[in-house]
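Please look at the sequence and the structure first.

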Protein chains: 4
Amino acid sequence: MYVVVDLCIIPIGVGVSLSEYIAECQRILKEAGVTFELHAYGTNIEGEWDDVFAAVKKCHRKVHEMGAPRIATTLKVGTRVDRPQSMADKVRSVEEKLKQS
Amino acid sequence: MYVVVDLCIIPIGVGVSLSEYIAECQRILKEAGVTFELHAYGTNIEGEWDDVFAAVKKCHRKVHEMGAPRIATTLKVGTRVDRPQSMADKVRSVEEKLKQS
Amino acid sequence: MYVVVDLCIIPIGVGVSLSEYIAECQRILKEAGVTFELHAYGTNIEGEWDDVFAAVKKCHRKVHEMGAPRIATTLKVGTRVDRPQSMADKVRSVEEKLKQS
Amino acid sequence: MYVVVDLCIIPIGVGVSLSEYIAECQRILKEAGVTFELHAYGTNIEGEWDDVFAAVKKCHRKVHEMGAPRIATTLKVGTRVDRPQSMADKVRSVEEKLKQS
């Protein structure tokens, strides 16, 4: 099952600067071989369900190892079985609608 | 790794009545042996990471099998390594603060 | 426009104990006159759009005043125009489906 | 109060093609004068709290007018009072950490 995910990990109990934790998660996603793209409020990821969720679990483990006692993550998870649709397809589809009018 | 999750599955492309899909997911959670509780905008689940996410994956598969071509899920995922905290603990902790003042 | 919301406010930069902040938000919701119910991973709220979002804004202001330099909130927001549906209706609808089978 | 938001609007009851609804919301955000950027699983928005949430409400109204009987939206809402931080700052901060190592 192919999945498109939006991942937003919030480490709690380590102050207000969270970018080093997010950067470490980007490294984990890169090693995981999934497609991903950072945006201003999370990271979009696409790939096989098991690969993506294994990477998310590794991110939680790593952020705890880095010292965060608590983590609150928000995930949006999209699957579809009618046709394949990549992250790039989703953006392109909206942009085409915007050009048409 | 123990996890407390809030799961909200939205089947897309099957009209506006979604409760039969949600009910089916409740059955999957029951079979999975995780602790869970339905609320008005999702279902809280607690258990071992792998058990909880295996159940979430089963829910996606089932909802597709029931006819939904597309699913958009929102998950909140909480882990902590400083101390154990159940779903009941979390609610109790807030309620105690409310009584104190 | 009537709305059913799931609100989860995460104060950042104030350590790992968040229940006093959540308790304060419960007080704000009570004063706001909206219907609400705490669960293990957030608070469900229903009411008129403007009333609910004014209360959410007050919660952010208050949590900052209490000392949190940063807040990360997740909101689920449901509206429907086909028929009225309360938080209690949503839970009841799933529970009825569970009984039927 | 300045806010950075991630908005993901899911129209329910109008089939599986949602891009025309999303495109219409992009137009509303443009008219609203807030800064925004579409990504593969939502739209990041920044601006004054009242401006951003007025635009979100307009999006809900418009999507209902376009025929969607029901909408399920997920919003992530970030505020901070310690220092200003734009959407671009957030991405840059992570990218700098990635270069350093």
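The text below treats helix packing, aromatic rings and charges over rings.

This is a predicted model, in which local features need pLDDT of at least 70, side-chain atom pairs count only at pLDDT 80 or more, and totals for chains, interfaces and linings use all residues. Residues are numbered from 1 along each chain as its sequence is written, chains are lettered from A in the order in which they are written, and side-chain values use heavy atoms, without hydrogens and water.

Helix α1 (residues 19-32) of chain B packs against helix α3 (residues 87-100) of chain C at about 65 degrees, with the axes 8 Å apart; helices here are DSSP runs (H or I) of at least four residues, and axes are lines fitted to C-alpha atoms over the stretch in contact, with angles from 0 to 180 degrees between N-to-C directions. Residues in this contact (heavy atoms within 4.5 Å) include B:Ile22 and B:Ala23 of α1(B) and C:Val94 and C:Leu98 of α3(C).

Over all chains, 6 aromatic pairs are found (ring centres within 6.5 Å; planes under 30 degrees apart are stacked, over 60 edge-to-face, the rest tilted; for Trp the six-membered ring is used). The rings of C:Phe53 and D:Phe53 have centres 5.5 Å apart and planes at 40 degrees, so this pair is tilted. Both C:Phe53 and D:Phe53 are buried (under 20% relative accessible area, 1.4 Å probe, protein chains only).

| Charged end | Ring | Distance from centre |
|---|---|---|
| B:Lys90 | C:Tyr41 | 4.0 Å |
| C:Lys90 | B:Tyr41 | 4.0 Å |

How values were computed. Helix = DSSP H or I, 4+ residues; strand = E, 2+ residues; numbered from the N terminus. Buried < 20%, exposed > 50% of the residue type's maximum accessible area, 1.4 Å probe, protein only. Lys NZ or Arg CZ within 6 Å of the ring centre and 35° of its normal.
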